Amino acid sequence: MLKTLTLGAVLAASLAAMSGAALAEYPERPVTFIVPWPPGDLEDVLTRMIAEELQKQTGAPAAVVNQPGGGGVVGGVAVATAAPDGYTIGSFTVGIPTVKTMGADAQIAADALEPVGIFLTYPFLIAASKDAPYSNMAELAEYSKANPVRLGHFGYGIEPTMMTFFGMSELGGTFSAEAAFDAVDCSTLANGDADVINTTAQLVLACLDDIKVLATITGERTAITPDAATLGEQVPALAGASLWNGLFVPKGTPQEVKDKIAAIAKEVVASPAAQEIATTTGALVYWMDQEAATAQVAKDMKDLAALREKLGVTE
């Protein structure tokens, strides 16, 4: 019996050592970062920097794959259903682990994703053409009472769209029509696809002088649009509203793997190159660790569920 126990202990120790070695060697094969939007926006740019640094430090190939569709659901599902081994990492906006897990038809389970950390707060904005007959949300709401106003956005159920609709409602206005686009940028307004858009500043930097920013969905006014009031300034019920992006992995991914990804991402976002992006775009680029990110997701889950209820969003 003693011999059997000893042999069992040795075998268990050997397996534990092998497991530890396997984790220590992560990654041993290609790593995929999934961005559920088209290339070019801030989360895409910064995620590519993180992927490049992971490849540089570990020697394992790392690539960013853009999987747009369904307001982020396509990419979200791809990560949520992947093996929990650290080889599929999602770069997700706040809505993927929160809004997209709500409702009877949600395709992502509320506990399917775990945060590695949050690294970006977008300079999200609501904008119109330069010649629009309104300059802020109150004027837009008043104009909409007698004129049709079409809104272009990334998806009806996602947080900036809901905040825009709620803001209009609080001010007594309404949109006559709305449409979702995979990319909401300069051409959306220039081509007449929408009268008003909500998008990130990164996607309209090239035409910032040719548009009118009605509000920013940020905690504070941005460095690149200092004269544009925040949505919270104009609609007190939305005070402090902002939008973030973070790295997520499937539930059950080993902590050692998450820690390794986090260490590399933290180094990247603190770099001069990443901080230069923050300066030129008005974004906030930083590192919020796993514990704080988990708390942030829980808070936003509660707040956005309440906002959905106010708007009567059930799907």
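I began with D85, which is partly exposed at a relative accessible area of 23% (buried means under 20%, exposed over 50%, partly exposed in between, with a 1.4 Å probe and protein chains only). Before going on, I noted that this is a predicted model, where local features need pLDDT of at least 70, side-chain atom pairs count only at pLDDT 80 or more, and totals for chains, interfaces and linings use all residues. Residues are numbered from 1 along each chain as its sequence is written, and side-chain values use heavy atoms, with hydrogens and water left out.

**Salt bridges**

I looked up the partner of D85: its side chain meets that of R29 in a salt bridge, 2.9 Å from N to O (a side-chain nitrogen of Lys or Arg within 4 Å of a carboxyl oxygen of Asp or Glu). R29 sits in the loop between α1 (2–24) and β1, D85 in the loop between α3 and β3, and 56 residues separate them. Helices (H or I, at least four residues) and strands (E, at least two) are DSSP runs, numbered from the N terminus. R29 is partly exposed too, at 42%.

How many salt bridges does the rule give? I find a count of 8.

I then checked R48 and D44, whose side chains meet at 3.0 Å, N to O. Both belong to helix α2 (residues 42–58), 4 residues apart, about one turn of the helix. R48 is partly exposed at 31%, whereas D44 is buried at 3%.

Next came D111 and K251, with their closest N and O atoms 3.3 Å apart. D111 lies in the loop between β3 and β4 and K251 in the loop between β10 and α8 (255–269), so this pair ties together parts 140 residues apart in sequence.

**The sheet**

I traced an open sheet of 6 strands with mixed pairing, in the order β2-β1-β3-β10-β4-β11 (two strands pair if DSSP finds at least two bridges between them). Its edge strands are β2 (62–66) and β11 (284–288), each pairing on one side only. Strands β4 (residues 113–121) and β10 (residues 244–250) pair in the antiparallel sense over 7 bridges. Within that pairing, I found F248 of β10 as the bridge partner of P115.

**V297**

Which residues does V297 touch? Leaving out residues up to four places away in sequence, I list P97, T98, W244 and F248 (contact means heavy atoms within 4.5 Å). V297 is found in helix α10 (residues 290–311). V297 is buried, at a relative accessible area of 12%.
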